[in-house]
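Me: I've got a structure to look at and some quick questions. Can we go through a few spots together?

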Amino acid sequence: MPLFNPHDLRNALKSGYRVLGIDPGSKTIGVALSDVSLMLASPLIGLKRRKLGENVADIARIMGREQIGGLVVGLPLSLDGSFGPAARSASDWAEALSERLDLPACMWDERLSSSAVNRFLIQDADMTRGRRAEVVDKMAASYMLQGWLDATRNESAAKF
């Protein structure tokens, strides 16, 4: 399944379905979940990065518990916005994941999401390094997914 444009993915979602936000790190895959109204992202889980088939099974189990209509996968662009090897790898991984799960997916810029979350956890939450390591990946996925939710929100729906 080809990767969607971010706005097209939102338009393709059926009413009442959630979106999984995925931050595919080299060691841990952060996973976040939207609410059914597509307004709020929440951290869900950090999955150990393994072979694609094993991670597909992990995500399929989440799909079995939640009504998932699409995937938003973090795109690690370079700081200057260029599409480097990490971005190519994430894009290929997202496309393979989308195909295996038969779910539409799009890529979303996740530059500095982990840095922003770490800064928050240190300054505002006063969290220890060990505890931060446990939550940073799923919180970075949530931060990234919230960015997508906010940017793709229909203007008329945003005005209650």
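Me: Which helix does Gln146 lie in?
Reply: Gln146 lies in helix H5, which covers residues 129-152. Keep in mind that this is a predicted model.

Me: Ok. Is Gln146 buried or exposed?
Reply: Buried. Its relative accessibility is 19%. The cut-off for buried is under 20%, so Gln146 counts as buried.

Me: What does the side chain of Gln146 make a polar contact with?
Reply: The side chain of Asp150. The distance for that polar contact is 2.9 Å.

Me: And leaving aside neighbours within four places in sequence, what is Gln146 in contact with?
Reply: Met39, Leu40, Ala41 and Arg153.

Me: New topic. Where is Asp58?
Reply: Asp58 is in helix H2. That helix runs over residues 52-65.

Me: Buried or exposed, that Asp58?
Reply: Asp58 counts as buried, because its relative accessibility is 9% and buried means under 20%.

Me: Which side chain does the Asp58 side chain make a polar contact with?
Reply: That of Arg61, at 2.4 Å.

Me: What does Asp58 touch, not counting residues up to four places away in sequence?
Reply: Leu47 and Arg50.

Me: Let's stay with H2. At what angle do the axes of H2 and H3 cross?
Reply: At roughly 55°. The two axes come within 10 Å. Helix H3 is residues 85-101.

Me: What do we call H2 and H3 at that angle, and why?
Reply: Oblique to each other. Angles from 65 to 115 degrees count as roughly perpendicular and those under 35 as roughly parallel.

Me: Is the crossing of H2 and H3 left-handed or right-handed?
Reply: Right-handed.

Me: Which residues make the contact?
Reply: From H2, they are Leu52, Gly53, Val56, Ile59, Ala60 and Met63. From H3, they are Trp93, Ala96, Leu97, Arg100 and Leu101.

Me: How many nonpolar, polar and charged residues does that contact of H2 with H3 have?
Reply: There are 9 nonpolar, 1 polar and 1 charged.

Me: Last one. Which helix is Ala12 found in?
Reply: Helix H1, residues 6-12.

Me: What is the relative accessible area of Ala12?
Reply: The value is 43%. Buried is under 20% and exposed is over 50%, so Ala12 is partly exposed.

Me: How many residues apart along the chain are Ala12 and Gly69?
Reply: They are 57 residues apart. Their C-alpha atoms are separated by 8.8 Å.

How values were computed
Residues are numbered from 1 along each chain as its sequence is written. This is a predicted model: local features need pLDDT of at least 70, side-chain atom pairs count only at pLDDT 80 or more; totals for chains, interfaces and linings use all residues. Side-chain values use heavy atoms; hydrogens and water are left out. Axes are lines fitted to C-alpha atoms, for helices over the stretch in contact, and angles run from 0 to 180 degrees between N-to-C directions. Helices (H or I, at least four residues) and strands (E, at least two) are DSSP runs, numbered from the N terminus. Angles under 35 degrees count as roughly parallel, over 145 as roughly antiparallel, 65 to 115 as roughly perpendicular and the rest as oblique. A crossing is left-handed if the near helix is turned anticlockwise from the far one by less than a right angle, and right-handed if clockwise. Contact means heavy atoms within 4.5 Å. Ala, Val, Leu, Ile, Met, Phe, Trp, Tyr, Cys and Pro count as nonpolar, Asp, Glu, Lys and Arg as charged, and the others, Gly among them, as polar. Buried means under 20% relative accessible area, exposed over 50%, partly exposed in between (1.4 Å probe, protein chains only). A polar contact is a pair of N or O atoms within 3.5 Å; within protein, one must be able to donate a hydrogen and the other to accept it, and residues adjacent in sequence count only if both atoms are side-chain atoms.
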